Amino acid sequence: MALGYLTFAFCVTYLQTCLVLADLYNVALYKPSYQSSDFLDRNNLSFWAALANDGNLDYNLDNRHCQHTLEDQPGWWMVDLRGVYTVEQIIITNRGDDSSYLRTQNYQIDVFQTDPRLSSNFQAAGVVCYIRVEPLGQGETYTRNCTTPAVGRFVRFIRYTKDYMNVCEIQVMSSQATIQENYFSVRKNYLLPQTPYYTTHAGCSYTCITQCLQRRDNETCTALNWIRTSNECQMFKLDPRFMPMLQSDLTSDFYMEK
Ligand SMILES: [Ca+2]
């Protein structure tokens with residue numbers, strides 16, 4: 001049940017690239033996320049933070065698409081959007097397989113320009129998107145517009161009472177960006193002349209980028225060549241802090257994580 005766009009999205013070939021339009025776009029999808037602690041299952045597997053922004057709304061914990069903390073006070077989950085966005089709406093999918101859904105109550109969603117973990121008072125509120133007191137329903141996917149749009153890079157879900165935290169997906173919706181702008185800088189008509197760690201085919205650059213992001217569940221795809229003439233999608237694992245040597249190539253575009 002992967003979910004990329006809220007209302008309206010399409011992909012068209014235009015000047016040999018791919019244009020993606022959406023009214024509201026989930027800018028949290030696959031971004032780095034963190035939480036107050038990691039709960040381990042009986043096999044010592046972690047219900048880590050990334051399970052709450054993996055694009056899968058499955059609300060059964062055993063299927064491993066929900067995050068789970070220890071019994072923290074406060075318990076929190078946070079995503080780094082890797083850029084400043086105007087956050088307009090939050091969509092939360094609650095756990096639905098047992099009474100644990102009642103844990104998702106008395107929480108607050110707030111937005112920060114800088115990482116609140118670096119603050120001397122982590123619990124201080126940022127720009128509040130909204131506050132919810134009553135519990136979400138069992139397996140409910142709840143959509144709520146921010147009281148006023150909140151501008152920032154870090155979006156935090158925090159609950160001040162002591163309890164475990166289980167949320168299956170948190171979507172952070174903004175209207176201002178395309179997927180390319182979210183994740184990658186592009187060098188048009190350039191090619192990275194290295195052997196990719198993985199190659200597949202994609203009809204447009206958008207599809208190639210999406211496939212790169214989807215591989216982040218278990219590996220780090222950070223750069224790619226998209227070859228327009230052959231539709232080859234070549235993926236690389238590079239340190240995004242260092243731009244590699246590229247060569248001019250009129251058939252290819254090179255994308256690298258920001
Ligand atoms: Ca999920």
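Predicted model: local features only at pLDDT ≥ 70, side-chain atom pairs only at ≥ 80, totals over all residues.
User: Which strands are the edge strands of the open sheet?

Analyst: The sheet has 5 strands, laid out as β11-β15-β13-β14-β12 with antiparallel pairing. From one strand to the next, the twist averages 20°. An edge strand pairs on one side only, and that picks out β11 (184-191) and β12 (198-201).

User: What is the angle at which α2 runs to β13?

Analyst: The helix α2 lies across β11, β12, β13, β14 and β15. Taking N-to-C directions, its angle to β13 is about 150°.

User: Which element supplies the largest share of the largest nonpolar core?

Analyst: That core has 60 residues, and W77, V155, V167, I170, V172 and L224 touch the most other members. Several elements supply at least two residues each, including β9 (141-159), α2 (205-214) and β13 (223-227). The largest share, 9 residues, comes from β6.

User: Let's zoom in on L224: which residues is L224 in contact with, leaving aside neighbours within four places in sequence?

Analyst: L224 is among the core residues that touch the most other members. In general, nonpolar side chains in soluble globular proteins tend to be buried together. Setting aside those sequence neighbours, the contacts of L224 are C208, C212, C233, Q234, M235, F236 and Y255.

Key: Residues numbered from 1 in each chain as written. Core = buried A, V, L, I, M, F, W, Y, C linked by C-beta atoms within 7 Å. Buried ≥ 20, exposed ≤ 12 C-beta atoms within 10 Å, placed from the backbone. Helix = DSSP H or I, 4+ residues; strand = E, 2+ residues; numbered from the N terminus. Contact = placed C-beta atoms within 7 Å. Pairing = 2+ DSSP bridges. Axes fitted to C-alpha atoms, helices over the stretch in contact; angles between N-to-C directions.
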